[in-house]
Amino acid sequence: MNPVSKKGRRPLRTIREIAREVGVSTATVSRVLNNPESVSSAKRDAVLRVIEQNDYVNDGMARALSGGRTMTIGLVIPTITNSIYASSTHAIQRLAQKNGYAVILVVSDFDAVTEKNLIRRLVERRVDGIILTGGEHDPGVYRMLERNGVPCVLTWRLADSSSYPCVSFDNYAAGRLAMDHLLSLGHRRIGLICGRSDVNDRARERRRSYEDAMTEAGLDIDSGLIFERDFEFVEGQTAMSRMLITPEPPTAVFAANDIQAVGALSACRNAGLRVPEDISIVGFDDLPITQFSAPQLTTLRVPAAEMGHRAATRLLQMIDGAEASGSDVLPVQLIVRESTAEIKHVEN
């Protein structure tokens, strides 16, 4: 059965149909798609509006392939500054290449509009499938993939509302491991450094784990000890420095990203504090740098490579006709090293 539009008819699939709907020539539609500056704004907006309503994508090189596979898959990640994505990307690349596929990597910079446009470009290239990061995306993305028959696998977060298969770990449960560890050591005034929860559903789950753990322990949540920052060393350093000048500095910090955690270690060092004697820090990801930081960082080991391998496996199976169902939930392990210790005194 063909999908239907909101008006109860099938979506428009050709330039000729788009042109007929708008009331312009096929040449005008082609210019809008390939050289939009050459078309008047009124006609351009009218054409783009119909294209958007129908999730139409240009056939691109698929026309020359007469409906055959392009032997390419798309991979959408939010950033290349966080090295944790390199591990899963490498695993995807290796398995795809082993099976004769090339990977087209695009970076959304945590921007939903940018991501949707990039995914449209991937669909225009007629990639055989797409791997997305996270579970929350513009609804138009899912509609575009469904209408154009593009298989998709979600990674890095379990998505309850999506009909697409997910390969991930539980970000919330992982965050609780970190918080339970700090609470078990006697810490009660705990700070949080995490990614931007307004654009990052993984960061949102990790923040929620922090807040729930504090609440369930009967502790107040101090907004002055919560910092949402980009995944950069200097951002973790800045957040930690600001925590340390509050009237009641924390005795422990959950940095929901190793890069930010190492920045926090640097800030403590600059302030003359000893870790873990004066303050404990837990990271998230288990990047290689955590074993060489001073002190070595206690962190959550994320199965990034395994996640990438399984996601690519699932996607290639779907491309071959396998049914898209179920999710793979991978385990996360707390790695206790040198940056956490029991609190020296009992807080009042």
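What follows is a conversation about a predicted model of one protein.

Reader: I'm new to this one, so how many helices and strands are there in the protein?

Author: This is a predicted model, and in it the protein has 11 helices and 12 strands. Its C-alpha trace spans about 75 × 45 × 35 Å along the principal axes.

Reader: And what share of the residues count as buried?

Author: Of the 348 residues, 52% count as buried.

Reader: Which residues have the most contacts inside the largest nonpolar core?

Author: Those are Trp-156, Ile-190, Tyr-210 and Phe-254, in a core that has 46 residues. Several elements each supply at least two residues of this core, including strand S1 (72-77), helix H4 (84-98), strand S5 (166-169) and helix H11 (304-319). In general, nonpolar side chains tend to be buried together in soluble globular proteins.

Reader: Which element gives the most to this core?

Author: That is H11, which gives 8 residues. Another core, of 19 residues, lies apart from the largest one, and Val-106, Tyr-142, Met-144 and Cys-152 are among its members.

Reader: Staying with H11, at what angle do the axes of H4 and H11 cross?

Author: They cross at roughly 35°, and the two axes come within 7 Å. The crossing of H4 and H11 is right-handed. On the H4 side the contact is made by Ile-84, Ser-87, Ser-88, Ala-91, Ile-92 and Leu-95, while H11 brings Ala-304, Ala-305, Gly-308, His-309, Ala-312, Thr-313 and Leu-316.

Reader: What about H7 and H8, then: is their crossing left-handed or right-handed?

Author: The crossing of H7 and H8 is right-handed. The axes of H7 (residues 171-184) and H8 (residues 201-216) come within 8 Å and cross at roughly 40°, which makes H7 oblique to H8. Among the residues making the contact are Asn-171, Tyr-172 and Arg-176 of H7, together with Arg-202, Glu-205 and Tyr-210 of H8. By type, the residues of the contact of H7 with H8 divide into 6 nonpolar, 3 polar and 7 charged.

Reader: Changing topic, is Asp-258 buried or exposed?

Author: Asp-258 is buried, because its relative accessible area is 0%, and buried means under 20%. Asp-258 lies in helix H10, which covers residues 258-270.

Reader: Which residues is Asp-258 in contact with, leaving aside its neighbours within four places in sequence?

Author: With those neighbours left aside, Asp-258 is in contact with Gly-283, Phe-284, Asp-285, Asp-286, Leu-287, Thr-290, Leu-297 and Thr-299. Taking Leu-297 as an example, it is 39 residues from Asp-258 along the chain, and their C-alpha atoms are separated by 8.4 Å.

Reader: Last one: where is the place of Arg-126, and why does Arg-126 count as partly exposed?

Author: Arg-126 is in the loop between helix H5 (112-124) and strand S3 (130-133). Arg-126 counts as partly exposed because its relative accessibility is 23%. The C-alpha atoms of Arg-126 and Gly-149 are separated by 9.9 Å, with the two residues 23 apart along the chain.

Key: Residues numbered from 1 in each chain as written. Predicted model: local features only at pLDDT ≥ 70, side-chain atom pairs only at ≥ 80, totals over all residues. Heavy atoms only, no water. Axes fitted to C-alpha atoms, helices over the stretch in contact; angles between N-to-C directions. Helix = DSSP H or I, 4+ residues; strand = E, 2+ residues; numbered from the N terminus. Parallel < 35°, antiparallel > 145°, perpendicular 65-115°, else oblique. Left-handed = near helix turned anticlockwise from the far one by under 90°. Contact = heavy atoms within 4.5 Å. Nonpolar A, V, L, I, M, F, W, Y, C, P; charged D, E, K, R; others polar. Core = buried A, V, L, I, M, F, W, Y, C linked by side-chain atoms within 4.5 Å. Buried < 20%, exposed > 50% of the residue type's maximum accessible area, 1.4 Å probe, protein only.
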